[in-house]
Amino acid sequence: MLRGFLILTIFLVIGESLSFVLDWPVSGGILGMILMTLWLLTQSGAAGTDVGAASQQFISILVVLILPGVVGVFFLGGQFDGQWLAVGVALVLGTLASVATTMVLMMALLPKTLGKEQRD
């Protein structure tokens, strides 16, 4: 599991560094995830297992990881005066786009026989 945490941390630092040096308007965490995904596609076996084991620990504390963003929005609420409709529409459309993208990817990547086995 420690190897998995190390891999996650290395890719986070690489992503943050690229975001800072290249001055891209993309989060370093996102860049790190993209790079880690590309790296994992070239690896086989143990690296993915280690990252998976370490990632499971983060899922159990996901609420704590999301909490700072929620608190930030709470304290910046005054800056959204008169813009709540735009924010609401953006949240709804972003959520729908995220769900639709996830569905399309799952349909494309999961084996076609999975649904037939579950129905039998």
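**Helices, core and pocket of a predicted chain**

The chain contains 6 helices and 0 strands. Helices (H or I, at least four residues) and strands (E, at least two) are DSSP runs, numbered from the N terminus. Along the sequence, the pattern reads α-α-α-α-α-α. The model is predicted, so local features need pLDDT of at least 70 and side-chain atom pairs count only at pLDDT 80 or more, while totals for chains, interfaces and linings use all residues. Residues are numbered from 1 along each chain as its sequence is written, and side-chain values use heavy atoms, with hydrogens and water left out.

Of the chain's 120 residues, 12% count as buried. Contact means heavy atoms within 4.5 Å. Among contacts between residues at least 6 apart in sequence, 50% join residues at least 24 apart.

The largest nonpolar core has 6 residues: Ile7, Leu8, Phe11, Met36, Val51 and Ala54. H1 and H3 each supply at least two residues of this core. H1 gives the most, with 3 residues. Such a core is a set of buried Ala, Val, Leu, Ile, Met, Phe, Trp, Tyr and Cys residues joined through side-chain atoms within 4.5 Å. In soluble globular proteins, nonpolar side chains tend to be buried together. Core residue Ala54 is in contact with Met1, Gly4, Phe5 and Leu8, leaving aside neighbours within four places in sequence.

The aromatic pairs come to a count of 1. Rings of Phe, Tyr and Trp (its six-membered ring) pair if their centres lie within 6.5 Å; planes under 30 degrees apart count as stacked, over 60 as edge-to-face and the rest as tilted. A pair of aromatic rings is described by the distance of the centres and the angle of the planes. Phe11 and Trp39 form the tilted pair, at 5.5 Å centre to centre and 45° between the planes. The pair links distant parts of the chain, with Phe11 in helix H1 and Trp39 in helix H2, 28 residues apart. Phe11 counts as buried because its relative accessibility is 12%. Trp39 has a relative accessible area of 25%, so Trp39 is partly exposed.

The largest pocket holds about 330 Å³ of space. On a 1 Å grid over the protein atoms alone, a pocket is an open set of points where a 1.4 Å probe fits, with protein on both sides within 12 Å along at least five of seven lines; lining residues have an atom within 4 Å of a point. Grid points are joined across faces, edges and corners, and a volume is the space filled by probe spheres set on the points. The lining consists of Phe5, Leu8, Thr9, Phe11, Leu12, Gly29, Ile30, Gly32, Met33, Met36, Ser55 and Phe58. Helix H1 (2-22), helix H2 (28-42) and H3 each give two or more residues to this lining. By class, the lining has 8 nonpolar, 4 polar and no charged residues. Ala, Val, Leu, Ile, Met, Phe, Trp, Tyr, Cys and Pro count as nonpolar, Asp, Glu, Lys and Arg as charged, and the others, Gly among them, as polar.

Further contacts involve Ser19 and Leu31. Ser19 lies in helix H1. Ser19 counts as buried because its relative accessibility is 13%. Beyond residues up to four places away in sequence, Ser19 touches Trp24, Val26, Ser27, Gly28 and Leu31. Leu31 is found in helix H2. With a relative accessible area of 10%, Leu31 is buried. Leu31 and Glu16 are 15 residues apart along the chain, and their C-alpha atoms are separated by 7.5 Å.

Asp23 is found in the loop between H1 and H2. Asp23 counts as exposed, at 66% relative accessibility. Its phi is near 55°, a positive value in a residue other than glycine. Most residues other than glycine have a negative phi.

Asp50 lies in helix H3 (residues 46-60). At 18% relative accessibility, Asp50 counts as buried. Asp50 touches Arg3 and Gly4, not counting residues up to four places away in sequence. Asp50 and Met1 are 49 residues apart in sequence, yet 5.6 Å apart in space, C-alpha to C-alpha.

How values were computed: Buried < 20%, exposed > 50% of the residue type's maximum accessible area, 1.4 Å probe, protein only.
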